[in-house]
Amino acid sequence: MKPGAANIVFDRTIAASGYEATAMMRIVWSGKLKAGVSMAEVAEKEMRLAGVQRPIEPAEMGHALEVFRFADFAGWIIRN
């Protein structure tokens, strides 16, 4: 990166455990349904990602600044 540049990263993070994980999944699915995505599409995407997507640990982002979070989906700015 050029001096002063920044990367913006959005990714899924490791979900909470227990009931909190269930609650967050329902929040995400509810948001998708409210946005007009069908339940069939939501379920299909989840199944396509199973075993392929590896959510990150927020600690893996190092000195990045978290600027967005919706349940287990987050965004960071990484400055050079």
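In the predicted model, Ala74 touches Val9, Phe10, Asp11, Thr13, Glu66, Phe68 and Arg69, leaving aside residues up to four places away in sequence. Opposite Ala74, which lies in strand 3, stands Arg69. Ala74 also belongs to the largest nonpolar core. That core has 6 residues in all: Ile56, Met61, Ala64, Ala74, Trp76 and Ile78. Nonpolar side chains tend to be buried together in soluble globular proteins.

The strands form an open sheet of 3, in the order 1-3-2, with antiparallel pairing. Strand 1 and strand 2 are the edge strands, and each pairs on one side only. Neighbouring strands of the sheet are turned by 15 degrees against each other on average, direction ignored. Strands of a sheet pair through backbone hydrogen bonds, in either a parallel or an antiparallel sense.

Strand 1 spans residues 6–12 and strand 3 spans residues 73–79. These two strands pair in the antiparallel sense over 7 bridges. Within this pairing, Ile8 has Ile77 of strand 3 as its bridge partner. Strand 2 is joined to strand 3 by 5 bridges, and this pair also runs antiparallel. Here, Leu65 stands opposite Ile77 in strand 3. Glu66 has Trp76 of strand 3 as its bridge partner. Trp76 is also one of the residues of the largest nonpolar core.

Val67 lies in strand 2, which covers residues 65–70. With a relative accessibility of 44%, Val67 counts as partly exposed. This value falls between the 20% limit for buried and the 50% limit for exposed. Val67 touches Gly75, Trp76 and Ile77, again without counting residues up to four places away in sequence. The C-alpha atoms of Val67 and Val9 are separated by 9.8 Å. Along the chain, Val67 and Val9 are 58 residues apart.

Strand 2 and strand 3 form a hairpin with 2 residues between them. Ala71 is found in the loop between these strands. Its phi is positive, about 55 degrees, although Ala71 is not a glycine. Most residues other than glycine have a negative phi. Ala71 has a relative accessible area of 17% and is therefore buried, as buried means under 20%.

Aromatic residues form a further set of contacts. The structure holds 3 aromatic pairs. In one of them, the ring centres of Phe68 and Phe73 are 6.4 Å apart and the ring planes stand at 80 degrees, so the pair is edge-to-face. The cut-off for this class is over 60 degrees. Both residues of the pair are partly exposed: Phe68 has a relative accessibility of 36%, and Phe73 has a relative accessible area of 35%.

Ala5 sits in the segment before strand 1. At 26% relative accessible area, Ala5 is partly exposed. Ala5 touches Ile78, Arg79 and Asn80, not counting residues up to four places away in sequence. Ile78 is one of the residues of the largest nonpolar core. The C-alpha atoms of Ala5 and Arg79 are separated by 6.1 Å. Ala5 and Arg79 are 74 residues apart along the chain.

Helix 1 covers residues 19–34 and has 16 residues. From its first C-alpha to its last, helix 1 reaches 22 Å. This is close to the 22 Å expected at 1.5 Å a residue. An α-helix has 3.6 residues a turn, so residues three or four places apart point the same way. Gly36 follows helix 1 and has a positive phi, near 100 degrees.

Terms used: Residues are numbered from 1 along each chain as its sequence is written. This is a predicted model: local features need pLDDT of at least 70, side-chain atom pairs count only at pLDDT 80 or more; totals for chains, interfaces and linings use all residues. Side-chain values use heavy atoms; hydrogens and water are left out. A nonpolar core is a set of buried Ala, Val, Leu, Ile, Met, Phe, Trp, Tyr and Cys residues joined through side-chain atoms within 4.5 Å. Buried means under 20% relative accessible area, exposed over 50%, partly exposed in between (1.4 Å probe, protein chains only). Contact means heavy atoms within 4.5 Å. Helices (H or I, at least four residues) and strands (E, at least two) are DSSP runs, numbered from the N terminus. Two strands pair if DSSP finds at least two bridges between them. Axes are lines fitted to C-alpha atoms, for helices over the stretch in contact, and angles run from 0 to 180 degrees between N-to-C directions. The expected span of a helix is 1.5 Å times one less than its number of residues. Rings of Phe, Tyr and Trp (its six-membered ring) pair if their centres lie within 6.5 Å; planes under 30 degrees apart count as stacked, over 60 as edge-to-face and the rest as tilted.
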